[in-house]
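The entries follow the order in which I checked them.

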Amino acid sequence: QDIEGVGHKYHLELELEDDLDKDTTVNCTAEVLYHLGNKNTAPDVQVTLEGELKSTEEADHMFYTRIRSLEKELVAENIPDSHGHVAPELEPIHLLAWAASGYIIWQNSTENTQLQLAQITQVKQVKRSDEYLQFDYVVLLHDMVSQEIIPWEMTVLWHPRDGVQVTRDSRQPGHPSG
Amino acid sequence: QVDFWRHPTLPGHPADLRVPLPSLQQVKLFLQSHGLSHTVIIEDVQELLDEEQETMLRSRRTKRSSGQFDFGSYHTLDEIHAWMDTLVEAHPGLVSRMEIGRSFEGRPLYVLKFSTGGSARPAIWVDTGIHAREWVTHATGVWTAQQIAEGYGRDPALTAVLDTMDILLEIVTNPDGFAFTHSANRLWRKTRSTHPGSGCVGVDPNRNWAVGFGGAGSSADPCADTFHGPFPHSEPEVKAIVDFIRGHGNVKAVISIHSYSQMLLFPYGYTAAPAPDHLELSHLAKKAVSDLAAVHGTKYTFGSISTTICELHPPPPCLPPTRDGGATVPAVPADPAGGTSIDWAYANGVRYSFSLELRDTGRHGFLLPSSLIIPTATETWPALLDIMLHVLEHPY
């Protein structure tokens, strides 16, 4: 939909599939408005879920408790590895990066971009005195249009009650052709 | 800085710790000054790791029989070459290996030829691995080669194809790039050619072809991942194929395999105008995609390179998409544009020129788990067979 003077609006109908229970799907609709001209503004997104998402309370609590009780701060590299594998205990760290990079991709999207999370280069947990878990990531985003791999630093906070927050993010100069 | 391999528990019980070299003096002093007795149980951990690597390498080398080759794993360049040897040994009347040139860094460019005889028979060319990071394509190439070798005489459709035509399969089309993805950067795409005046390395081998060279979707910047190179066919990896296909004179189909996006594409990429054979290519693509989906339910979209991209980027200069192609609206754009291998092939008389983009659509992207290699290869096979059969039944 071309809204003169404002931008382009897209109406989407999506089907969400539960990764842990492939038979469960939830429909949702979304409206995305890409603003004319100003490429520094993220598109407006409105989402309506038609149904409910399963509760993740138990898994969230287990992950939270496990990380809080670690003696040494968690450090990991190359998730997934070259063979596409993710160690089971690192899967939540991987999923957290997906959610957080989704925010970054949204903030940096136009009608002509297509960004995907390619890999987590590095993740370091940072212990905090408050109740939040903090992970400092360096992720690699793949830009389908230019085919470039873009390194991006992000600081992610998480708590079972509050969910994901990206408190700091910065695009890194790549080592594009070394 | 110390890494406990056995954590301290109770007084009087031992603890084991790994100490990095720079901290060794400090740690020893600390233990001595606190009266803690200690002994060294492993002098040099790195040595042990090196030994382990060596043992692993040796055990890999001893798996010489092609039947023992693990098709559900990703392999190194050396492992693929070794497996090629065993394949040729096991099927001497059918399979041979040709060297069509050398890469920038001097690696051999190998093509497997499947032939039941004759001379200068019409041939079907398939390449995988033109982009280094697209590991599932090399893996699919390997599986497919095995499938062809073992299927002759068993699979009636394949047998019919091979009784009349040859199949030429280049599995590691960009060996320098592929080696680099193993040794240094898993997400490397290009070749590894160097260029005077630039510190950046590599050319996008799928933008280096002469037709549409320098067009949309390619870059003149040597540091870009879609750098088209200083001139068409500047890359020895590309020139070798150009020379080979021209020299052969009887190649009737070119199928270039990439990942990811789940698409089956045909010319043109460099212009939105439909190719003269658009209708026929489109019908064939539709059938291939349908037969692919029948295996594991994997949905592919299809169409010409340029209109399939344009469906995603409606602003000009794209024309409205033609409605005879595309089962569903593509979710992800494929490699756009000018200087691609299949545009070159088509312009050089190869009517059946296709580009396949294998799994997935972005969830794993280039890092497709090895557990998905065999599902990907098995579903791709009927699509390849459809194209080969069509070529057989429509000689030109």
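My entries start with conventions and then go through the chains by topic.

**Conventions.** I am working with a predicted model, in which local features need pLDDT of at least 70, side-chain atom pairs count only at pLDDT 80 or more, and totals for chains, interfaces and linings use all residues. Residues are numbered from 1 along each chain as its sequence is written, chains are lettered from A and ligands numbered from 1 in the order in which they are written, and side-chain values use heavy atoms, with hydrogens and water left out.

**Disulfide.** I looked for disulfides, meaning pairs of cysteine sulfur atoms within 2.5 Å. The structure holds one over all chains. B:C200 is joined to B:C223, with S to S at 2.0 Å. I computed a torsion of about 85° about the S-S bond of B:C200 and B:C223, so this disulfide is right-handed. B:C200 lies in strand β8 (residues 198–201) of chain B and B:C223 in the loop between β8 and α7 (236–248), so the pair ties together parts that are 23 residues apart in sequence. Helices (H or I, at least four residues) and strands (E, at least two) are DSSP runs, numbered from the N terminus. For accessibility I use buried for under 20% relative accessible area, exposed for over 50% and partly exposed in between (1.4 Å probe, protein chains only). B:C200 counts as buried at 10% relative accessibility, whereas B:C223 is partly exposed at 23%. I also checked A:C28, which counts as buried at 5%.

**Annotated site.** Which residue carries the UniProt feature "active site"? The unreviewed entry places it at B:E357. UniProt positions are given in the numbering used here, feature names are shortened, and annotations may be inferred rather than shown by experiment. I find B:E357 in strand β12 (residues 352–358) of chain B, and B:E357 counts as buried at 3% relative accessibility. A polar atom of the B:E357 side chain lies 3.4 Å from the backbone nitrogen of B:Y260.

**Salt bridges.** My criterion is a side-chain nitrogen of Lys or Arg within 4 Å of a carboxyl oxygen of Asp or Glu. How many salt bridges does the structure hold over all chains? The count is 19. I noted several of them.

- In chain A, the side chains of A:R128 and A:D130 form a salt bridge at 2.9 Å, N to O. A:R128 is partly exposed at 30%, and A:D130 is partly exposed at 29%.
- In chain B, B:D176 and B:R107 are bridged at 2.8 Å, N to O. B:D176 lies in helix α6 (residues 175–183) and B:R107 in the loop between β3 (95–102) and β4 (108–114), so the pair ties together parts that are 69 residues apart in sequence. B:D176 is buried at 1% relative accessibility, while B:R107 is partly exposed at 25%.
- B:E379 and B:R359 are bridged at 2.8 Å, N to O. This pair links distant parts of the chain, with B:E379 in helix α11 (residues 373–393) of chain B and B:R359 in the loop between β12 and α11, 20 residues apart. Both B:E379 and B:R359 are buried.
- A:D18, A:D21 and A:K54 are linked in a salt-bridge network.

**Domains.** Chain B is divided into domain 1 (3–34) and domain 2 (65–317 + 331–393), with bounds from an automatic or database domain assignment. Taken over C-alpha atoms, the centres of domain 1 and domain 2 of chain B are 55 Å apart.

**Helix α7(B).** I checked the helix span, for which the expected value is 1.5 Å times one less than the number of residues. The 13 residues of α7(B) should span 18 Å, and its end C-alpha atoms are 18 Å apart, which agrees. Buried residues in α7(B) include B:E237, B:V238, B:I241 and B:I245. B:G249 follows α7(B) and has a positive phi, near 75°.

**Backbone.** Most residues other than glycine have a negative phi, and most peptide bonds are trans. I listed exceptions.

- The peptide bond from A:I79 to A:P80 is cis, with omega near -10°. A:P80 is in the loop between β5 (75–79) and α2 (91–107) of chain A.
- The peptide bond from B:P267 to B:Y268 is cis, with omega near 5°. B:Y268 is in the loop between β10 (263–266) and α8 (278–296) of chain B.
- B:S261 has a positive phi near 155° and counts as buried at 5%.
- B:Q262 has a positive phi near 60°, lies in the loop between β9 and β10 of chain B, and counts as buried at 9%.

Conventions. A polar contact is a pair of N or O atoms within 3.5 Å; within protein, one must be able to donate a hydrogen and the other to accept it, and residues adjacent in sequence count only if both atoms are side-chain atoms.
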